[in-house]
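Please read the text below alongside the sequence and the coordinates.

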Amino acid sequence: MMEETLREDLRYYFMSPCEKYRARRQLPWKLAVQILKIVMITTQLVLFGLSNQLVVAYKEENLMAFKNLFLKSYSGVDEDDYSVAVYTKQSVIDNIFYVLDQYSQLDQLSVGPVSYAEQNRTLLPLVICKESYRLGRVESSDESYDIDAQTEKVCLTWDPKSIATWRTNSSTFFELDFYRLVNIEISFTLKGINLQTISSHEPPDCYIFAVTITFDNQCHSGKVKITLDLDAVSSACKNWKISGTAQKNTHYLLIFDGFVILVCLTSAVLCIRSIVLAIKLLQRFSKFCLKKYNRKVCEDDQREFLNGWYVLVIISDVMAIIGSVLKMEIQAKSMTSYDVCSIFLGTSTLMVWVGVIRYLGYFQKYNVLILTMQAALPKVLRFCCCAGMIYLGYTFCGWIVLGPYHEKFEGLSRVAECLFSLMNGDDMFPTFSEFQQKNTLVWLFSRVYLYTFISLFVYMVLSLFIALITDAYETIKETRFPLTELQLFLRTGKDFPLREGEDDGGSRENGGPSVTLCCCTRVPKEDTIMLIS
């Protein structure tokens with residue numbers, strides 16, 4: 001009797017939710033919770049993404065507005081790592097004066113709700129610093145120089161009200177020795193209000209903009225690069241009043257996020273319960289095998305009880321809960337970590353949708369994908385390790401040899417990205433054609449380098465990669481695996497007939513014990529032996 005009870009519980013554990021319902025009329029609560037969770041988390045992600053788009057657009061447009069306000073002759077298009085470049089001493093001075101003049105007239109110039117920042121009812125000052133070598137003498141004609149490598153920084157501060165007199169009071173500060181000058185940095189703080197969120201029925205955010213304008217002369221090449229960096233931090237506005245439904249919608253979103261947290265907690269508790277019950281069932285089966293057959297359960301059979309999907313669901317639930325808490329804090333204006341919240345919500349949504357594959361795995365035709373990935377993964381990883389060594393070799397070689405002659409090879413990360421694009425057949429002709437022919441030897445080397453890489457990786461490596469996956473698919477499709485001891489134990493019962501067309505040498509395409517219940521009238525008295533997967 002004990003053996004039949006164990007066999008029945010094991011069969012029930014490996015059933016699909018629909019089979020469990022037909023067998024014991026047990027509703028698939030976990031399946032229902034997972035479906036509800038998918039809908040709610042996806043809806044939450046979409047709502048957060050739409051709100052985040054407004055924030056990103058506001059920051060980007062303010063950055064563009066500040067560049068046009070404070071950078072003289074800004075064309076509207078940035079170069080690789082700077083916005084404007086100047087080449088004469090007078091141009092550097094003129095651009096510095098232009099920034100200061102524009103800052104002093106900000107209230108009259110800006111069309112947006114931007115103003116000077118205050119702290120304790122005091123305007124925060126503008127700070128301008130110049131960094132130079134302490135001593136220096138350079139004579140290019142004589143090829144001689146005398147430089148003290150240590151630098152010194154001199155700073156001045158002005159508040160917006162007194163900045164109009166800066167030309168007369170600080171004229172000596174702008175007497176620049178360009179052969180000693182390293183950089184000039186102008187920094188100031190502004191405040192703004194993002195009113196566009198009203199259209200999406202959300203209260204506006206107040207922003208603090210930390211603006212830094214840098215005149216970079218580190219190369220001393222005759223080219224001074226001017227960059228404007230913006231660090232925007234949002235916070236709750238202190239005094240505000242809105243007529244309409246914005247505040248009510250915020251309350252509804254907070255309630256919805258709280259419900260998402262409740263659903264994720266329920267899902268995590270159910271999965272943890274299933275893991276605990278699976279461990280208990282494994283212990284029962286191990287004791288039975290040790291007592292009756294005097295041997296331990298093999299590792300393959302033990303892995304049948306360790307469901308990795310449960311672990312994936314629990315991790316996704318934890319990340320969804322953390323992301324929902326961060327989202328609620330953002331909506332309550334208590335914090336502004338949009339990026340961190342996006343990572344948690346995005347990753348949890350990815351895991352939730354990947355977890356759907358578990359339920360598709362109950363159908364043989366859909367389960368082929370999972371089994372193919374499982375079978376091919378070890379070979380693919382070993383193959384990628386070998387191919388990766390060649391890939392790294394090409395990366396380092398391309399960076400050191402071709403970097404000075406092609407912008408796509410200027411950095412290690414850019415070389416890796418360029419080679420990955422070439423490996424997938426993207427951007428081939430521009431990569432060939434954009435090489436500078438200043439050095440014939442390097443130009444010839446670039447041709448050999450690119451032709452060998454493309455031939456090796458496109459025609460050989462990728463083909464072998466696809467062949468490994470195809471071979472695993474054919475193996476899964478055609479091979480009939482022998483039954484494990486656990487499956488043989490489940491097959492020996494007479495109370496639960498097999499499906500038509502099955503025999504003891506049946507395929508294991510469903511990834512677990514091939515058992516299907518048509519009907520089961522026994523209802524266990526103890527809930528601890530009922531495992532709902």
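A disulfide is here a pair of cysteine sulfur atoms within 2.5 Å. By this rule the count comes to one disulfide. The model is predicted, so local features need a pLDDT of at least 70 and side-chain atom pairs count only at pLDDT 80 or more, while totals for chains, interfaces and linings use all residues. Residues are numbered from 1 along each chain as its sequence is written, and side-chain values use heavy atoms, with hydrogens and water left out.

The bond joins Cys129 to Cys155, with an S to S distance of 2.0 Å. The torsion about this S-S bond is about 110°, so the disulfide is right-handed. The pair links distant parts of the chain, 26 residues apart: Cys129 lies in strand S5 (residues 126-133) and Cys155 in strand S8 (residues 151-158). Helices (H or I, at least four residues) and strands (E, at least two) are DSSP runs, numbered from the N terminus.

Cys129 is buried, at 10% relative accessibility, whereas Cys155 is partly exposed, at 39%. Cys219 is exposed, with a relative accessible area of 62%, and Cys386 is exposed at 53%.

Contact means heavy atoms within 4.5 Å. Leaving aside neighbours within four places in sequence, Val127 is in contact with Cys155, Leu156, Thr157, Glu185, Ile186 and Ser187. Val127 and Thr189 are 62 residues apart in sequence, and their C-alpha atoms are 9.7 Å apart in space. Ser132 also has its place in S5 and counts as buried, at 9% relative accessibility. Residues up to four places away in sequence not counted, Ser132 touches Gln150, Thr151, Glu152, Arg180, Leu181 and Val182.

Next comes the helix pair. Helix H3 (residues 29-70) and helix H9 (residues 308-331) pack at an angle of about 35°, with their axes 12 Å apart. The axes are lines fitted to C-alpha atoms, for helices over the stretch in contact, and angles run from 0 to 180 degrees between N-to-C directions. On the side of H3, the residues that meet H9 include Lys30, Gln34, Ile41 and Phe48. Those of H9 that meet H3 include Tyr310, Val313, Asp317 and Ile330.

For the whole protein, there are 15 helices and eleven strands. Buried residues make up 40% of the 533 residues. Among contacts between residues at least 6 apart in sequence, 71% join residues at least 24 apart.

Confidence is given by pLDDT, the predictor's score for each residue, from 0 to 100. The protein averages a pLDDT of 79, and 81% of the residues score at least 70. Confidence is lowest in strand S6 (residues 136-139), at a mean of 62, and highest in helix H12 (residues 412-423), at 91. Over residues 494-533 the pLDDT is below 50, and this stretch has 98 contacts in the model beyond near neighbours in sequence. Where pLDDT is low, the predicted coordinates should not be read in detail.

Note on methods
Buried < 20%, exposed > 50% of the residue type's maximum accessible area, 1.4 Å probe, protein only.
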